[in-house]
Amino acid sequence: MGGTGPFPSSAGEPDKPVMGREEVDRVLAKLGAEHEAIESSLLALQDHAGRRLLEGAELTGVTKDRWATTEQAISLLWTYFDAYTDALHSAREVRSRHRWSTPGELAELTGLLLGPGITLPSSASLTGSPLLSEQLTLDALVDRMNRWYAEALNVIVTADAVWSALPARIDMLSAELRRTGSLAHSVGVRPGEHPSGDDLERITAELTSLRAEVVSDPLAFWSGASPSSAPGGGRPDTTRYDAAARALEDVRREIEAVLDVRQDAERRLMRLRDVLSRADRTLAEARQARGEVLAKIAASEVPAVSGPPTALQEQLVTAAEYRRRAQWHRLSPLLESLEERADDELLRARESLTAVTAPLAVRAELRGRLDAYKAKVARHGMAEDPLLIERYDTARRMLWSAPCDLRAAEAAVLRYQHAAAEALVPRQKGPQGAQDRRTGEAL
C-alpha cells in the first residue's frame with residue numbers, strides 16, 4: 001500500500017495527504033460509476049425529443065434566450081465530459097502500471113484525482129467568470145456538470161411538456177370552433193351582423209395567435225416548478241386557452257338558442273297571431289259594449305277603450321319577414337319581446353272589457369235579484385198583494401228602461417225586498433218572526 005505523505009500544491013507547499021492504494025481504488029470506482037451515469041444522462045439528453053424540437057423551432061421570447069444559453073451549456077457539458085474522461089483515463093493508466101502502486105504513483109494519483117489539474121475553456125456566459133480558462137478538480141467538475149445538466153433538462157422537459165399539452169388541445173378547440181362557425185353561418189350568425197359572429201371571429205384570432213406563441217415560446221406558458229422536479233410542481237399555463245374555450249361554449253349556447261328559434265318559429269308566430277287577434281277582438285267587443293253602456297246606463301263613469309295594438313301587429317309582420325329571410329339571430333330576441341307584450345296586450349284588453357261592462361253586470365244582477373224575490377212571493381201565494389205589485393212594477397220599470405239609473409233602480413229593488421220580507425214574515429209573530437224577516441232580507 002505505500003505511504004500517505006502530502007503531495008505538493010501548485011505553489012510547491014503541502015496541500016492534501018497522499019491517498020493510499022485502497023482509497024485510490026475506491027475513488028476510481030466512484031468516478032467510474034459517475035462517468036457511466038453522466039454519459040448515459042448526456043446521451044439521453046442528446047436524444048430527447050424536446051431537444052430536437054427546440055433545435056428545429058423558430059423560437060422567440062424567453063424560450064429563445066434560455067435555449068441559447070442551454071445550447072451553450074450542452075456543448076460545454078460534452079467538452080467537460082471529454083476532459084473528465086481524459087482525466088479518468090489518465091488516472092486509470094497510472095494506477096494500472098503496478099499492482100502495488102509506488103509512493104510516487106500514489107502522489108501522482110492523488111494529484112490527478114483530488115487536485116485542480118483539469119484545465120477547461122472559460123464558461124463566462126454561464127458562470128460570469130472573466131477568465132479565459134479555468135482549472136477544476138474532478139469533484140468540482142462533476143458538480144458543475146450536474147448543475148448545468150439539471151438546468152438544461154429543465155428547459156427541455158418544460159418546453160416538451162408545454163408542446164405535448166397545449167398545441168393538441170388548441171387544435172381540438174380549433175376544430176370545434178370550425179364546426180361551430182359552420183353551424184353559425186347556416187343560421188345567419190355572421191361577423192358584423194350578430195354579436196356571436198363577432199365573438200367567433202375574435203376566438204379564431206385568439207387561438208391562431210395563441211398556438212403560434214405556444215410553438216415559438218413554450219417556456220412562457222409554464223406555471224410553477226419545473227416538471228423535472230417534484231411531481232405536481234408545475235403545469236402548462238392554460239389561462240388563455242381556458243378563456244377561449246369558455247367564450248366558445250357561450251357562443252355555442254347562443255347558436256343552440258337560435259336553432260331552437262328556427263325549429264319552432266312557425267309555432268310561435270302562429271301563437272302570436274292568435275293572441276293579438278284575440279286581443280283585437282276583445283277590444284272591439286269592449287268598444288261595442290261601451291256604446292251599449294252609454295246608451296243604456298245613466299249617470300255612470302265608463303272608461304275609454306284604446307285602439308287595436310297596431311305597433312305589435314307591425315312588429316309581427318317584421319318577425320315573419322325575418323323568418324322568411326332566415327334571419328334567426330334577429331328573430332329570436334324579437335319573438336321573446338313580442339310574446340311578453342302580446343300576453344300583456346290580451347290581459348289589458350280583457351281588463352278593459354270587464355271595466356266597460358261592469359254597469360251592465362250590475363244591472364243584470366239587480367234584475368236577477370228582483371225576479372228571484374217575485375218568484376218567492378208567488379210561491380207563498382202573495383203575488384196579488386197591491387204593495388208588492390206596485391213596488392215590483394216600479395223597480396222593473398227602472399231596470400228595463402233606457403237609460404237606466406242604476407242607483408235609483410237599486411234603491412227600488414231594495415224597497416221591494418223589504419216589502420216582500422214584511423209580507424212574508426208579519427211583525428206580530430215576535431222575535432222569531434223578526435229573525436225570519438232578517439233572513440228574508442238577506443235573501
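## Helix α12

D385 caps the N-terminal end of α12, with a side-chain oxygen 3.0 Å from the backbone nitrogen of L387. Helices (H or I, at least four residues) and strands (E, at least two) are DSSP runs, numbered from the N terminus. The model is predicted: local features need pLDDT of at least 70, side-chain atom pairs count only at pLDDT 80 or more, and totals for chains, interfaces and linings use all residues. Residues are numbered from 1 along each chain as its sequence is written, and side-chain values use heavy atoms, with hydrogens and water left out.

Helix α12 (residues 386-399) has 14 residues, which at 1.5 Å a residue should span 20 Å; the expected span is 1.5 Å times one less than the number of residues. The end C-alpha atoms of α12 are 20 Å apart, in agreement. L388, Y392, A395 and L399 of α12 are buried (under 20% relative accessible area; exposed is over 50%, partly exposed in between; 1.4 Å probe, protein chains only). They cover an arc of only 70 degrees around the axis, so they lie on the same side of α12; the arc is that of the directions from the helix axis to the C-beta atoms. P386, E390 and R397, on the other side of α12, are exposed. The cover over the buried residues of α12 includes α11 (358-379), β8 (404-405) and α13 (406-424).

## Salt bridges

The structure holds 22 salt bridges (a side-chain nitrogen of Lys or Arg within 4 Å of a carboxyl oxygen of Asp or Glu). One of them joins R202 to D199, with the closest N and O atoms 2.0 Å apart. The two residues are 3 apart in helix α7, about one helical turn. R202 is exposed at 53% relative accessible area, whereas D199 is partly exposed at 26%.

In helix α11, R369 and E365 are 4 residues apart, about one turn, and form a salt bridge (3.2 Å, N to O). Salt bridges with shared partners also join E249, D250, R252, R253 and E256 into one network. Within helix α8 (residues 239-296), E249 and R252 are 3 residues apart, and their side chains meet at 2.3 Å, N to O.

## A buried aspartate

D217 lies in the loop between α7 (195-216) and β5 (222-224). D217 is buried and has no salt bridge; R66, the nearest side chain of opposite charge, is 8.6 Å away (Lys and Arg count as positive, Asp and Glu as negative; His and the chain ends are not counted). Leaving aside neighbours within four places in sequence, D217 is in contact (heavy atoms within 4.5 Å) with T60, G61, V62 and T63.

Technical notes. Polar contact = N/O pair within 3.5 Å; in protein donor to acceptor, adjacent residues only side chain to side chain.
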